[in-house]
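Here are my notes after going through this one, point by point. Have the structure open while you read.

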Amino acid sequence: MRPTLGRAATGKSTRHREYIKLQHDGRSVDAYIVYPEVSAKAPVVVIIHEIFGMSDWAQLVTDEFAAAGYIAIVPDLLSGKGPNGGGTKTMDAAGVGQAIRDLPADQITADLNAAADYALKQPSASGKLFVAGFCYGGTQRFRFATNRPEVAATFSFTGDSPTPTA
């Protein structure tokens, strides 16, 4: 697990960033959102973290997408799975690995939809939606894009492709 990779760089960012709680279907999901420093309305990118959960590294990547001009949001898909209802930050590497393997696909999609909906409702959002995934998230972005037709494009940074069907 990469517990501190990116923490120093993210802490030095001048972009507006905040932790938020998303609510959907009786579920509370922690998320991290970063806004670009642009004067025009910005596209939204939902970041799907890797198998290590919403790590400092995932937050750094979110900040880097904002630096590139996107409203970038990463939900902690492990929200509520840790001790005392916590998420990634409350779990050790073994706990994160087991919890992420046990996530129901429909819950993942619902969490990602909640993140996309929140970011798209921001006054500075252009209405254009993208999704980016890393490793585990690279695989998950296929499912999200097929369940959310308005996704304009996806970015995959490793991850499996869907298996072709006949």
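This is a predicted model: local features need pLDDT of at least 70, side-chain atom pairs count only at pLDDT 80 or more; totals for chains, interfaces and linings use all residues.

1. A definition before anything else: two strands count as paired if DSSP finds at least two bridges between them. With that in hand, take β3 (residues 42–48) and β4 (residues 71–75): three bridges join them, and the two strands run parallel.

2. Now the overall layout. The protein has five helices and six strands, and from the N terminus on they come in the order α-β-β-β-α-β-α-α-β-α-β. Of its 166 residues, 51% count as buried. The exposed surface comes to about 8,000 Å², with carbon and sulfur atoms supplying 54% of it.

3. How are the six strands arranged? They make an open sheet with mixed pairing, in the order β1-β2-β4-β3-β5-β6. The edges belong to β1 (17–24) and β6 (151–157); each has a single partner strand, so one side of each has no neighbour in the sheet. On average, neighbouring strands are turned by 25° against each other, ignoring direction.

4. Have a look at β5 (125–134). Seven of its 10 residues are buried, so β5 is largely enclosed by the rest of the structure. On one pairing, β3 and β5 run parallel over six bridges, with valine 45 bridged to phenylalanine 130 in β5. On the other, β5 and β6 are also parallel, over six bridges; there, phenylalanine 134 has phenylalanine 157 of β6 as its bridge partner.

5. Helix α2 (residues 56–67) lies across β1, β2 (27–34), β3, β4, β5 and β6, and runs at about 160° to β4. Helix α4 (residues 105–120) lies across β1, β2, β3, β4 and β5, at about 125° to β1.

6. Next, the aromatics. A search of the whole structure turns up seven aromatic pairs. One of them is tyrosine 70 with phenylalanine 130, an edge-to-face pair at 5.7 Å centre to centre and 85° between the planes. What does this pair tie together? Tyrosine 70 sits in the loop between α2 and β4, and phenylalanine 130 in strand β5, so the pair links parts that are 60 residues apart in sequence. The cut-off for buried is under 20% relative accessible area. Tyrosine 70, at 17%, therefore counts as buried, and so does phenylalanine 130, at 12%.

7. Tyrosine 70 has another ring partner, phenylalanine 155: the centres are 6.3 Å apart and the planes at 85°, so this pair is edge-to-face. Phenylalanine 155 is in strand β6, so here the loop between α2 and β4 is tied to a part 85 residues away in sequence. Is phenylalanine 155 buried or partly exposed? At 25% relative accessibility, phenylalanine 155 counts as partly exposed. Phe65, Tyr70, Phe130 and Phe155 together form one aromatic cluster.

8. Then there is threonine 109, in helix α4. With 10% relative accessibility, threonine 109 counts as buried. Which residues does threonine 109 touch, leaving out those up to four places away in sequence? They are Arg143, Phe144 and Asn147. Threonine 109 and asparagine 147 are 38 residues apart in sequence, but their C-alpha atoms are 7.6 Å apart in space.

9. Last, helix α3 (residues 93–101), where Val96, Gly97, Ala99 and Ile100 are buried. Part of the cover over these residues comes from α5 (136–147). While you are in that region of the sequence, check arginine 141 as well: arginine 141 lies over the face of phenylalanine 142, 3.9 Å from the ring centre.

Note on methods:
Residues are numbered from 1 along each chain as its sequence is written. Side-chain values use heavy atoms; hydrogens and water are left out. Helices (H or I, at least four residues) and strands (E, at least two) are DSSP runs, numbered from the N terminus. Axes are lines fitted to C-alpha atoms, for helices over the stretch in contact, and angles run from 0 to 180 degrees between N-to-C directions. Contact means heavy atoms within 4.5 Å. Buried means under 20% relative accessible area, exposed over 50%, partly exposed in between (1.4 Å probe, protein chains only). Accessible areas come from the Shrake-Rupley method with a 1.4 Å probe; for residues, only the protein chains shown count as cover. Rings of Phe, Tyr and Trp (its six-membered ring) pair if their centres lie within 6.5 Å; planes under 30 degrees apart count as stacked, over 60 as edge-to-face and the rest as tilted. A charge sits over a ring if NZ of Lys or CZ of Arg is within 6 Å of the ring centre and within 35 degrees of the ring normal.
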